[in-house]
Every structure is written in C-alpha cells, then in structure tokens.
Amino acid sequence: MSEPTLIGSVQRALRLLEAVAASADPVAAKSLARMTGLALPTTYHLLRTLVFEGYLRKLADGYVVGPAAMVPSTPALQSLLPRIRPVLKSLRDEVGGATYLSVYSEGEIRLLDIADGPNVPCVDLWVGVHDSGHATAFGKCILAGLSAADRADYISRHQLHDLTPNTITDRRVLERQLDGQAAIWSDAEEYLLGTACLAAPIRVGEHVGAVAVSLPARRPPVNGHSAALQRAARRLGWAMAGPLISI
C-alpha cells in the first residue's frame, strides 16, 4: 500500500496551531519556532497565514487561538455561515465592536461564529465558552431562555469560576438574575476586566441562541446599541431557522 501524499506546509502550520492551543498564555514567534523546530522565517510566514485566515490572533505579547479554530465544523454549520456572517459583520460595523453568535446545543453553550477586525478585536477567550456561561452576556442570555429544568441541569454541571472580581459565583444570585425578563443582557467586566458585553436573545422554534457585542468597559453601550442588537437577533433567527436544527 502506497504512502499518502502529505503537504509539508500544512503539517508545519498545524504544529504551530497545536503549540499555541496548548499554551495558557500568548506565545511569541521565536518561542514557537523553538517549540516546533521550524526556521524563524518559515514560522513568521505560516503565522501570518494563520492570522489572516482567522485560526490565530496576534496580540502584543504573542499569538493566541483565533475564532476560526474555535468554531465547530459540520455540514449544517458550513451551509449556515454564509448566511450569518454578513449579519455579524454588519452589526460589528454599526456598533464598533466584535460580534459573536452562540447557541445552546446538547446541554452546552456553543460559539458558532465571531466577526472582528484589526480595530475591533474579539475578546481573548482565555476561559472556554463551556465553562463561562455565568460570566458572559451571551451565556446569561441563553441560560435565561432555557426551561427551568435545562437551566438547573446546566448550572449543576458547571462550576461558577471566579474570573474577575465582578463575576457572579453564587448559584442563588445567578439564578435570581436569570429569572429576570430582559431584552438585552450584559456583563460588566465579569469575564474580562476592561471589557463589557451586551447580548440579545435568539429563539428559533425550541432552540435558544444569542448575538453579542464586546466593547471597552469605558464606553456605556446599553441604550445606544440595544436596537441594533435586536435587529441583528431577528435577522439571525430568520437565517438560522432551517440549518440550526442539524447543528
């Protein structure tokens, strides 16, 4: 049996992606070159490509995993992305902040897509979406839309990690907050200091999702952006009506 034809540049890019994903902190290009055994010029070339395609993000102190690497890939999702990305990009440009689309699926909160840019970078998701529903605007927005049984099940299976001094870590306090009926949900530096997020709920049949925007905490955003978020939520609900069932 003949050996398969392998593309060396793809293998090298994957080694870089794996090295970044394995680190809890941003990794500098020189460190990545040493870790993977690649020449520094090759490392820079591959890193630029991975950043351009969204699989990595370049921060001041190194590289972290980008939004493209966080999005689960299924045939249904691939058919859905061309319909949801224009909405997320339009919202990003209107409000001047990175935008996020998430859904509740199989007992977990899943991030489907992110629209950011050089001037509006997405939040460094240093804690996975699965473990931070209590601390994010889109997480609380989704949890508030679940049935009482599904919400209790989710909260019972997830530790309320103390991510910042503002994070809600008391289950009773969180549950009382989630009982409220809000058109727009927010987190005030609960996930990351210096960042505030807003989210609007999306309901597609029995499915629950949320569209969110992240902004610097110094910008008071609620009143100015609620209408834009709600418009985007309606548009995304229409776009997701069919494919969401299979994701």
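**Briefing: cavity, cores and cysteines**

The largest cavity holds about 140 Å³ of space. Closest to its centre, among the 14 residues that line the largest cavity, are Val123, Thr136, Phe138, Tyr191 and Cys197. The model is predicted. Its largest nonpolar core has 31 residues, and a second, separate core has 26 residues.

**Cavity**
- The count is 1 cavity of 30 Å³ or more.
- The lining of the largest cavity is made up of 10 nonpolar, 3 polar and 1 charged residues.
- At least two residues of that lining come from each of α6 (137–145) and β6 (195–204).

- In soluble globular proteins, nonpolar side chains tend to be buried together.
- Within the largest nonpolar core, the residues with the most contacts are Tyr100, Ile109, Phe138 and Leu178.
- Each of β3 (98–105), β4 (108–115), α6, α7 (148–157), α8 (171–178), β6 and β7 (207–216) gives this core at least two residues.
- With 6 residues, α6 supplies the largest share of this core.
- Neighbours within four places in sequence aside, Tyr100 is in contact with residues including Leu88, Leu111, Cys122, Val123, Phe138 and Val211.
- The second, separate core includes Ala200, Ile202, Val211 and Ala239.

**Cysteines**
- A disulfide is a covalent bond between the sulfur atoms of two cysteines.
- The count of disulfides in this model is 0.
- Cys122 counts as buried because its relative accessibility is 4%, under the 20% cut-off.
- Cys141 also counts as buried, because its relative accessibility is 2%.

How values were computed:
Residues are numbered from 1 along each chain as its sequence is written. This is a predicted model: local features need pLDDT of at least 70, side-chain atom pairs count only at pLDDT 80 or more; totals for chains, interfaces and linings use all residues. Side-chain values use heavy atoms; hydrogens and water are left out. A disulfide is a pair of cysteine sulfur atoms within 2.5 Å. Buried means under 20% relative accessible area, exposed over 50%, partly exposed in between (1.4 Å probe, protein chains only). On a 1 Å grid over the protein atoms alone, a cavity is a set of points where a 1.4 Å probe fits but cannot get out, and a pocket is an open set with protein on both sides within 12 Å along at least five of seven lines; lining residues have an atom within 4 Å of a point. Grid points are joined across faces, edges and corners, and a volume is the space filled by probe spheres set on the points. Helices (H or I, at least four residues) and strands (E, at least two) are DSSP runs, numbered from the N terminus. Ala, Val, Leu, Ile, Met, Phe, Trp, Tyr, Cys and Pro count as nonpolar, Asp, Glu, Lys and Arg as charged, and the others, Gly among them, as polar. A nonpolar core is a set of buried Ala, Val, Leu, Ile, Met, Phe, Trp, Tyr and Cys residues joined through side-chain atoms within 4.5 Å. Contact means heavy atoms within 4.5 Å.
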